[in-house]
Amino acid sequence: MGIAALVLGIIAFVLAVTFVLAPLGVVLAVIGLILGIVDTVKKGKTGEKKAISMAGMILSAVMFIVLIVESFFILIVGIAVYDSVSDYDRNTIQMPVINEAEMFNSKFSGYEGNQTGSRVKIVLNNISINNSYNEHEIDVYYNGLMEEADELKAKISATQKYTITFYKDIDGYINKAYIMPNYSNTTTNNQL
């Protein structure tokens, strides 16, 4: 019985290290403690050596205390996790709401500001495609004069810099694009 108590104490120690099986370890530690006490008392009456049964009893007692603490900790953590999961409310997660106008404008707004001629041509191409199928048409102004997007592409130089400014209608949709050459940032072949 002393060896069984020692073996159960060792198994309880291993279960304490695994942490998840702590409740099972408590049961084994109690059995090991009982076996160790019974064997120690029995060997004490007969005068036999009781070192192994004492070691099993002490190890099982220590593991019993450690495993009770671990089991309590697992219970507290389990309750906390359960509470946090049960309080989960899908309505508390706020996804950014993108309205229709913002989606429409996002195709163009990234091109606002100083742009190269090639990027201006991309914007004009996007405006041309948009105007052919979308109810929210965009008027294009070049140097203050209204132009057709397709015709204006031929006037845009890839080496020139331009400033693009967008304006929105009352519903928040981009409805005007102003394109102005930016002569101070002109790139020529003589410049590095």
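## Overview

Of the 192 residues in the protein, 31% are buried, where buried means under 20% relative accessible area, exposed means over 50%, and partly exposed lies in between (1.4 Å probe, protein chains only). The model is a predicted one, in which local features need pLDDT of at least 70 and side-chain atom pairs count only at pLDDT 80 or more, while totals for chains, interfaces and linings use all residues. Residues are numbered from 1 along each chain as its sequence is written, and side-chain values use heavy atoms, with hydrogens and water left out.

The protein contains six helices and five strands. Helices (H or I, at least four residues) and strands (E, at least two) are DSSP runs, numbered from the N terminus. Along the sequence these elements follow the pattern α-α-α-α-β-α-β-β-α-β-β.

## Helix α2

Helix α2 has 25 residues and reaches 36 Å from its first C-alpha to its last, close to the 36 Å expected at 1.5 Å a residue; the expected span is 1.5 Å times one less than the number of residues. Its buried residues are Ala 22, Gly 25, Val 26, Leu 28, Ala 29, Gly 32, Gly 36, Asp 39, Thr 40 and Lys 43. After the helix comes Gly 47, which has a positive phi near 80°.

Ile 34 also lies in α2, which covers residues 22–46. Together with Met 1, Val 30 and Val 38, Ile 34 makes a nonpolar surface patch of about 320 Å². Patches are made of residues with over 30% relative accessible area and no salt bridge; like charges are joined within 9 Å, and nonpolar side chains (Val, Leu, Ile, Met, Phe, Trp, Tyr) within 5 Å. The accessible areas come from the Shrake-Rupley method with a 1.4 Å probe, and for residues only the protein chains shown count as cover.

## The sheet

Five strands form an open sheet in the order β1-β4-β5-β2-β3, with mixed pairing; two strands pair if DSSP finds at least two bridges between them. The edge strands, β1 (113–116) and β3 (145–147), each pair on one side only.

Strands β2 (residues 139–142) and β5 (residues 174–181) run parallel and are joined by four bridges. Opposite Tyr 141 stands Tyr 178 of β5.

## Salt bridges

The whole structure holds three salt bridges, a salt bridge being a side-chain nitrogen of Lys or Arg within 4 Å of a carboxyl oxygen of Asp or Glu. One of them links Lys 43 with Asp 39, with the closest N and O atoms 3.3 Å apart. Because these two residues are four residues apart in helix α2, about one helical turn separates Lys 43 and Asp 39. An α-helix has 3.6 residues a turn, so residues three or four places apart point the same way. Both Lys 43 and Asp 39 are buried.

Another salt bridge joins Lys 153 and Asp 150 at 3.4 Å, N to O. These residues lie three apart in helix α6 (residues 149–153), so about one helical turn separates Lys 153 and Asp 150. Lys 153 is partly exposed at a relative accessible area of 22%, and Asp 150 is partly exposed at 46%. Glu 147 forms a salt bridge with Lys 155, the closest N and O atoms being 2.9 Å apart. Here Glu 147 is buried, with a relative accessible area of 17%, whereas Lys 155 is partly exposed, at 47%.
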